[in-house]
Amino acid sequence: MIGGMNIIIEQLYYGNIEAQEMTTRNTPKLRRKLSKLAKAEEELSQKLNPEEKEQLRKYSELCTEFSCLSCADAFTVGFRLGMQLAHDAFVET
């Protein structure tokens with residue numbers, strides 16, 4: 001158990017584990033949602049003039065940035081919670 005943990009920690013240290021690549025599983029449900037999102041964006045974009053399309057592009061970029069920050073925050077909170085659980089499981093208080 002400890003040996004496996006050391007390997008994971010070492011891989012994380014050397015940058016061989018990319019947490020953000022592991023967080024999104026390519027599930028059918030996710031693919032359907034992504035497809036609906038792309039279709040809705042395309043339909044909306046077709047109805048907009050060039051200035052409005054630029055506004056939509058900026059909005060989309062800001063949503064992506066917000067989502068990335070939110071996911072990073074959620075990962076941090078989850079990681080801390082996991083470490084606290086591990087600590088509590090192995091350390092008597």
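Biologist: How many disulfides does the structure hold?

Modeller: Zero disulfides here, where a disulfide means a pair of cysteine sulfur atoms within 2.5 Å. Before we go on: this is a predicted model, so local features need pLDDT of at least 70 and side-chain atom pairs count only at pLDDT 80 or more, while totals for chains, interfaces and linings use all residues. Residues are numbered from 1 along each chain as its sequence is written, and side-chain values use heavy atoms, with hydrogens and water left out.

Biologist: Is Cys71 buried or exposed?

Modeller: Cys71 is exposed, at a relative accessible area of 51%. For the cut-offs, buried means under 20% relative accessible area, exposed means over 50%, and partly exposed is in between (1.4 Å probe, protein chains only).

Biologist: Switching topic. How many helices and strands are there?

Modeller: Four helices and zero strands, giving the pattern α-α-α-α along the sequence. Helices (H or I, at least four residues) and strands (E, at least two) are DSSP runs, numbered from the N terminus.

Biologist: Got it. How many salt bridges does the structure hold?

Modeller: Two. A salt bridge is a side-chain nitrogen of Lys or Arg within 4 Å of a carboxyl oxygen of Asp or Glu. In one of them, Arg57 meets Glu54 at 2.4 Å, N to O. In the other, Glu61 pairs with Arg57, with the closest N and O atoms 2.3 Å apart. Shared partners join Glu54, Arg57 and Glu61 into one network.

Biologist: Where do Arg57 and Glu54 lie?

Modeller: Both are in helix α4 (residues 50–90), three residues apart, which is about one turn of the helix. Glu61 and Arg57 are separated by about one helical turn because they sit four residues apart in helix α4.

Biologist: And how exposed is Arg57?

Modeller: Arg57 is partly exposed at 37% relative accessible area. Glu54 is partly exposed too, at 31%, and Glu61 is partly exposed at 40%.

Biologist: Which residues form the nonpolar patch on the surface?

Modeller: Phe75, Phe79 and Met83, with about 290 Å² of accessible area together. Phe75 is in helix α4 and is partly exposed, at 41%. Patches are made of residues with over 30% relative accessible area and no salt bridge, joining like charges within 9 Å and nonpolar side chains (Val, Leu, Ile, Met, Phe, Trp, Tyr) within 5 Å.

Biologist: Which residues form the positive surface patch?

Modeller: Lys29, Arg31, Arg32, Lys33 and Lys36. Lys and Arg count as positive and Asp and Glu as negative; His and the chain ends are not counted. The place of a charge is taken as NZ of Lys, CZ of Arg, CG of Asp or CD of Glu.

Biologist: Why does Lys29 count as exposed?

Modeller: Because its relative accessibility is 57%. Lys29 is in helix α3 (residues 28–46).

Definitions and conventions
Accessible areas come from the Shrake-Rupley method with a 1.4 Å probe; for residues, only the protein chains shown count as cover.
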